[in-house]
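Dear colleague,

Here is the structure for your files.

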Amino acid sequence: MKKFFAASLFFTVIFSTLQVFGTPQIETFDWKKSKKIAKGVKYATWEKKSPRLMKIFAVRIDLSNPDLKFHITGRAENWGEKMPDFPKRLIRTKRETTLDFLKKSRKKRTKMVAAFNASPWTPWEKPFTHTYADRLGLIISNGELVSYPNGRASLIIDKKGKIYMDSVKKDADLSNIANAVTGFSFVLRNGVVSGANKALAPRTGYGLSKDKKYLYIFVVDGRQPQYSMGMTHKEVGDFLHYLGAFDGINMDGGGSSSMVLFRKGKAKMVNHQPGNGMRKVGSSLGISVD
């Protein structure tokens, strides 16, 4: 644990509980205190003791950077066929860790600098080792439909480069979308925080600033009593607001929550799951900077 902690934290920010959870926020995080990891991409970490132990890792991505590109898990080779290990579902993506997603992208000569877990998926039944994923909500990868919309909150990049968040209906026109991933629900909408689920768990949150200039992504570790206990849904919204977001989505979480950075010639997952685990997820979102 100590070796991991030293390797993964560039620095730590201690912040006031009153600024983030359970009370109106007076100010947002000052990103001047963060670490630049690539052009237009900044990284910060938090070590929190109140109201409970939490380790939090976040990036801010400048969407005005003309060298920025998005990468999303694409179709599995046998897309649309029945899953051999779960024939009730159809193959959409092949599960892989977010770390492997970044490494494979780098081998294709992309300059991916960060990757994050994205959409929830099925089947999620014992023994939890199914090879493929289905019912991920809307996923579009470089203009190709990977998974159909389910009405849940999605992060969308259109073919002109405009980025926004919306709930996409099943019968929506998708022809203008270049890339998209889907989460569970909005936890921040038009600056208002929401979220009824009070369970503590590892979480992944995506947020977008009011002027659409910045994308914020954070991961909080959880279910580790001596290390990090996690957040509720509402706290995901609170923290996205603190980072500077105006709209925000609670993405897939639990053992799926993953943030991978490429630094000094090496890809590392910076957060830490119980038992040193690294789950194969249904989809990942990566960013590269040319």
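**Salt bridges, cores and a serine**

Arg189 is partly exposed, with 30% relative accessible area; partly exposed lies between buried (under 20% relative accessible area) and exposed (over 50%), using a 1.4 Å probe and protein chains only. Asp166 also counts as partly exposed, at 32%. The side chains of these two residues, Arg189 and Asp166, form a salt bridge with an N to O distance of 3.8 Å; the term stands for a side-chain nitrogen of Lys or Arg within 4 Å of a carboxyl oxygen of Asp or Glu. The bridge links distant parts of the chain, since Arg189 is in strand E15 (residues 185–189) and Asp166 in strand E13 (residues 163–167), 23 residues apart. Helices (H or I, at least four residues) and strands (E, at least two) are DSSP runs, numbered from the N terminus. Through shared partners, salt bridges join Asp166, Arg189 and Asp247 into one network.

On provenance: the model is predicted, local features need pLDDT of at least 70, side-chain atom pairs count only at pLDDT 80 or more, and totals for chains, interfaces and linings use all residues. Residues are numbered from 1 along each chain as its sequence is written, and side-chain values use heavy atoms, with hydrogens and water left out.

The search of the whole structure gave eight salt bridges. One of them pairs Arg52 with Glu235, with the closest N and O atoms 2.9 Å apart. Arg52 sits in the loop between strand E2 (41–48) and strand E3 (54–62), and Glu235 in helix H3 (residues 233–243), 183 residues away. Arg52 and Glu235 are both buried. Lys104 and Glu96 form another salt bridge, at 3.1 Å from N to O. Here Lys104 is partly exposed at 48%, whereas Glu96 is buried at 15%.

As for nonpolar cores (sets of buried Ala, Val, Leu, Ile, Met, Phe, Trp, Tyr and Cys residues joined through side-chain atoms within 4.5 Å), the largest has 42 residues, and Phe70, Tyr206 and Met259 have the most contacts inside it. A second, separate core has 20 residues, including Trp31 and Phe239.

Finally, Ser154 lies in strand E12 (residues 153–158) and is buried at 1% relative accessibility. Its side chain makes a polar contact of 2.7 Å with that of Thr182. A polar contact is a pair of N or O atoms within 3.5 Å; within protein, one must be able to donate a hydrogen and the other to accept it, and residues adjacent in sequence count only if both atoms are side-chain atoms. Beyond its neighbours within four places in sequence, Ser154 is in contact (heavy atoms within 4.5 Å) with residues including Asp166, Thr182 and Ile249.

Regards
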